[in-house]
Amino acid sequence: MSKLAEPGLSPAALWIVTIAFALAPPLLAVAPLGMAPLLIAAGALAYSAERVQGGYWPRVPVGATMLFVIFVAWCALSLIWDLNPGGGARKLVDIVLAASALLALLGLANRLRPDQSRRLCWSLVGGMLAGLVLLVIETLFDFPLYRAVMGATNPKLVDLVEAKRSVDALPLLVWPACLALARLNRPRLGALLAVLFTVACVKLTAASATMGMALSMVVFAACFASTLWVRRLLALATLLAFILIIPVSIIAYDQGGTTAHWLKHSGQHRVEIWHFAADKTLERPLFGWGFNASRYVPNGNAVSKFLPPGQSLIPLHPHDAFLQVWLEIGAIGAIIVGGILLLGLKTIGQWPAAVARFTLPGYAAGLVVAGLAFGIWQSWWMATLAFSAVAYRMIGPGPDHG
C-alpha cells in the first residue's frame, strides 16, 4: 500500500513538467514532429518520478480513461475489416502511447499546488515567446534554421510541409499561454497576445490557423457575456460538425466547389476529397472502412481532377477530422469521439469563468484546424492536442495564483 502523498508534485516530477512546458512552443515552431516524443517522455518520466519520489501512484481521471479505453477497443475491433490492418495496428500503438501520456499528466495535475502551477505558467509563457520568435525568423527569412539542420535541398521545403505543420498548430499553444498570463494576474497581456497573434496569422501562418484564430477571437469576446452559453454553443457546433459534414461535403461538390473561383487550388481539391470521403462513408456508415484506412479506400470508377490517374482520391487522409472518423470507424466511432470532446467541454464548465474565457477559444481554434488541415491520427498532431489539454488543466482551474 502506498503512503499518503503530501500536497504538491514531487520536485523531480515538477521539473520534468516545467521543462516540457518550456520546450513545447519552440519545438512546435521549428520541429513539430518532436511533439509526440516530448509528450510521451514527459508523461512517462513525470509519472514515474512521482511514484519513486512521491511514493504513490497518481490517480488518472476515471471518465476520460473509460472513454479512451472504449475508443481504443473499437478501433482495435475495426482492424478485423480494416483495408490495411497492419498499418492500423501500428497507428493504434501511437494512439495508446499518446493517450497514456495524456492521462498520466492529467493525473499529476490533480496534485499541483498553486505555487507550482504558477511556475508552469512562467515556463509556458517563456517558451511561447521563444516559439514566436523562432516562428517569425523561420517564416520571414525562408526557414534558415530548418535549412541549416536538415539541408538546403531537403524535399520537405519544396511544398513547405514543415512550415504548414508549425503555423497551423501553434494556435493550440497560444491560447494556453494567454491563459497563463491571465493566471499570473496579467489578463490584459493575455488578451493582447491573442490579438497580436491573430493579426500576425495573416502573414505568418496558414489559412486554417488564420480562420481558427479569427473564430477563437469571436468566441473570446462572447465569453465576456456568458461562458455558459458559449460552451453550450460549442457543444452544439461539435455535434453539428459530426452530423452535417457528410451532407455538406456532398452538396459543396454538387454545387461546383471543385471549380469555384473564390477558392484556392488547395480548397478546390479539398472539396473533391471531402466528397469522395463522404460518398465512401455512406457505403459503410455504421462500422467504417477500418482504423487508419483512409488512404487505402478504393477509387472505383472515380477520377481525380487534381491528381494523376491511378492515385488514391484521398492523399494520406481526408483533411477533415470529422470525416476521417466517419470514414474509418463509422457512426459508432463518431459517437465515441464526440463523447470525448463533449466531456472536455463539460470539464471546462466546472472551471471558473476567468479560466474558461481563455480555454473555450482554444477549443474553437482546435475544431477549425482539425476540420481543415491534418490527419487526426498523425502522432505529432495528437500529441499537440493532448499537450494543449494538459496545459489548460495544469495552469487553469486551481486556486488563484496571485
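His319 is placed in the loop that runs between α12 and α13, in a model that is predicted.

Q: Where does Asn292 lie, and what is its phi?
A: Asn292 lies in the loop between α12 (265–281) and α13, and although Asn292 is not a glycine, its phi is positive, at about 65 degrees.

Q: What makes Asn292 buried or exposed?
A: The relative accessible area of Asn292 is 16%, and the limit for a buried residue is under 20%, so Asn292 is buried.

Q: Why is Phe287 called partly exposed?
A: Buried means under 20% and exposed means over 50%, with partly exposed in between; Phe287 has 40% relative accessibility, and therefore counts as partly exposed. Phe287 lies in the loop between α12 and α13.

Q: Which residues does Phe287 touch, not counting residues up to four places away in sequence?
A: Phe287 touches Trp74, Trp81, Glu328, Ile329, Gly330 and Ile332 on that count.

Q: How do you know whether Thr139 is buried, partly exposed or exposed?
A: Thr139, which is found in helix α5 (residues 114–140), has a relative accessible area of 22%; this value falls between the limits of 20% and 50%, so Thr139 is partly exposed.

Q: What makes Gln116 buried, and what does it touch?
A: Gln116, also in helix α5, has 4% relative accessibility, and the limit is under 20%, so Gln116 counts as buried. Leaving out residues up to four places away in sequence, Gln116 touches Gly8, Leu9, Leu14 and Arg111.

Q: Why is Gln268 called buried, and which residues is it in contact with?
A: Gln268 has its place in helix α12, and its relative accessible area is 14%, which lies under the limit of 20%, so Gln268 is buried. Apart from its neighbours within four places in sequence, Gln268 is in contact with Gly257, Thr258, Thr259, Ala260, Leu263 and Phe306.

Q: What makes Gly366 buried or exposed?
A: Gly366 lies in helix α14 and has 11% relative accessibility; since buried means under 20%, Gly366 counts as buried. Between Gly366 and Ser216 the C-alpha to C-alpha distance is 9.1 Å, while the two are 150 residues apart in sequence.

Q: How do you know that Cys121 is in no disulfide?
A: A disulfide needs two cysteine sulfur atoms within 2.5 Å, whereas the nearest cysteine sulfur to Cys121, that of Cys178, is 12 Å away, and therefore Cys121 is in no disulfide. The structure holds zero disulfides. Cys121 is buried, with a relative accessible area of 0%, and Cys178 likewise counts as buried at 0%.

Q: Which residues touch the most other members of the largest nonpolar core?
A: In this core of 119 residues, they are Phe21, Trp175, Leu360, Trp377, Trp381, Phe387 and Met394. The helix that gives the most to this core is α13, with 13 residues. Among the residues that Trp175 touches, not counting those up to four places away in sequence, are Met213, Phe358 and Tyr392.

Q: What lines the second largest pocket?
A: The second largest pocket, with a volume of about 1400 Å³, is lined by 42 residues, and Phe68, Leu102, Ile340, Leu341 and Ala389 lie nearest its centre. The lining divides into 31 nonpolar, nine polar and two charged residues, and α13 provides the largest share, twelve residues.

Definitions and conventions
Residues are numbered from 1 along each chain as its sequence is written. This is a predicted model: local features need pLDDT of at least 70, side-chain atom pairs count only at pLDDT 80 or more; totals for chains, interfaces and linings use all residues. Side-chain values use heavy atoms; hydrogens and water are left out. On a 1 Å grid over the protein atoms alone, a cavity is a set of points where a 1.4 Å probe fits but cannot get out, and a pocket is an open set with protein on both sides within 12 Å along at least five of seven lines; lining residues have an atom within 4 Å of a point. Grid points are joined across faces, edges and corners, and a volume is the space filled by probe spheres set on the points. Helices (H or I, at least four residues) and strands (E, at least two) are DSSP runs, numbered from the N terminus. Ala, Val, Leu, Ile, Met, Phe, Trp, Tyr, Cys and Pro count as nonpolar, Asp, Glu, Lys and Arg as charged, and the others, Gly among them, as polar. A nonpolar core is a set of buried Ala, Val, Leu, Ile, Met, Phe, Trp, Tyr and Cys residues joined through side-chain atoms within 4.5 Å. Buried means under 20% relative accessible area, exposed over 50%, partly exposed in between (1.4 Å probe, protein chains only). Contact means heavy atoms within 4.5 Å.
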